[in-house]
Amino acid sequence: ASPQIDILADKVVSGTPSNTRGMLGFPDGLWDIYGKEIYYTTLHQNSSMDIKHDIQALPSNGEKLDQLRPVTFVYDDDMTEQKRMGLIYEETQKVMPEICTNSEESKAINYVELIPALLKEIKDLRRRVAELER
């Protein structure tokens, strides 16, 4: 592991709050570490068409979205018992495996990848409402 990761692991494991900007070694200084949580001020992803190929319009995912079950939950190891919102990996993996990742460390959902599907559904619904209003 790199020195930055070791420093991060020490901070996370010890639960020592830190408000050190750039703790993860990123020059943008947008990261904060508070105990076991990592916060960032903004999220940017490379998105230029110059670095993409096989670009296609997203199909409607309304039926898939209907099958997702948003829930509230508390992580087992969260001593603060903070109620959170999200999806359950095992359920989501059956419906939208393209937003799920599975590794030895975790079974995770990439919520950022869910945003375009939600945006597409909103646009489709807005178009239908406009047609019905006419």
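A polar contact is a pair of N or O atoms within 3.5 Å; within protein, one atom must be able to donate a hydrogen and the other to accept it. The model on the screen is predicted.

**The whole chain**

Begin with the chain coloured by secondary structure. There are four helices and six strands. Followed along the sequence, their order is α-β-β-α-β-β-α-β-β-α. Of the 134 residues, 21% count as buried. Among the contacts between residues at least 6 apart in sequence, 28% join residues at least 24 apart.

**Helix α4**

Select residues 111-133, which make up α4. How far apart should the ends of α4 be at 1.5 Å a residue? The 23 residues should span 33 Å, and the end C-alpha atoms are 33 Å apart, so the two values agree.

Now go to the start of α4 and show the side chain of N110. One of its side-chain oxygens comes to within 3.2 Å of the backbone nitrogen of V112.

Next, colour L114, A117, E121 and D124, which are buried residues of α4. Which element do the buried residues of α4 pack against? They pack against α2, the helix of residues 62-67.

Is each of the two partners buried or partly exposed? K120 is partly exposed, with a relative accessible area of 24%, whereas D124 is buried, at 11%.

Move along to R127 and E131. Their closest N and O atoms are 3.9 Å apart, and the pair forms a salt bridge. R127 and E131 are also four residues apart in α4, so about one helical turn lies between them. R127 is partly exposed, with a relative accessible area of 46%, and E131 is partly exposed at 45%. Select K120, D124, R127 and E131 together: they are linked in a network of salt bridges.

The structure holds six salt bridges. One of them joins the side chains of E98 and K64, at 3.5 Å from N to O. This pair links distant parts of the chain: E98 is in the loop between α3 and β5, K64 is in helix α2, and they are 34 residues apart. E98 is partly exposed at 49% relative accessibility, and K64 is partly exposed at 30%.

Select N61, in the loop between β2 and α2. At 8% relative accessibility, N61 counts as buried. The side chain of N61 reaches the backbone oxygen of P59 at 3.1 Å. Leaving aside neighbours within four places in sequence, N61 is in contact with M96, A117 and E121.

**The nonpolar core**

Which residues form the largest nonpolar core? Select these eleven: L65, L68, L87, Y89, V95, M96, I99, C100, I109, L114 and A117. The elements that give two or more residues to this core are α3 and α4.

Zoom in on I109, one of the core residues. Not counting residues up to four places away in sequence, I109 touches L87, I88, Y89, T92, I99 and C100.

Move to T72 in strand β3, which covers residues 71-73. The C-alpha atoms of T72 and G86 are 6.4 Å apart in space, while the residues are 14 apart in sequence. Show K83, R84 and M85 as well: T72 touches these residues, with those up to four places away in sequence not counted.

End at F73 and Y75. How many aromatic pairs does a search of the whole structure find? The search finds one. F73 and Y75 form this pair, with 5.1 Å from centre to centre and 80 degrees between the planes. The arrangement is edge-to-face, because planes over 60 degrees apart count as such. Y75 is partly exposed, with a relative accessible area of 45%.

How values were computed:
Residues are numbered from 1 along each chain as its sequence is written. This is a predicted model: local features need pLDDT of at least 70, side-chain atom pairs count only at pLDDT 80 or more; totals for chains, interfaces and linings use all residues. Side-chain values use heavy atoms; hydrogens and water are left out. A nonpolar core is a set of buried Ala, Val, Leu, Ile, Met, Phe, Trp, Tyr and Cys residues joined through side-chain atoms within 4.5 Å. Buried means under 20% relative accessible area, exposed over 50%, partly exposed in between (1.4 Å probe, protein chains only). Contact means heavy atoms within 4.5 Å. Rings of Phe, Tyr and Trp (its six-membered ring) pair if their centres lie within 6.5 Å; planes under 30 degrees apart count as stacked, over 60 as edge-to-face and the rest as tilted. A salt bridge is a side-chain nitrogen of Lys or Arg within 4 Å of a carboxyl oxygen of Asp or Glu. The expected span of a helix is 1.5 Å times one less than its number of residues.
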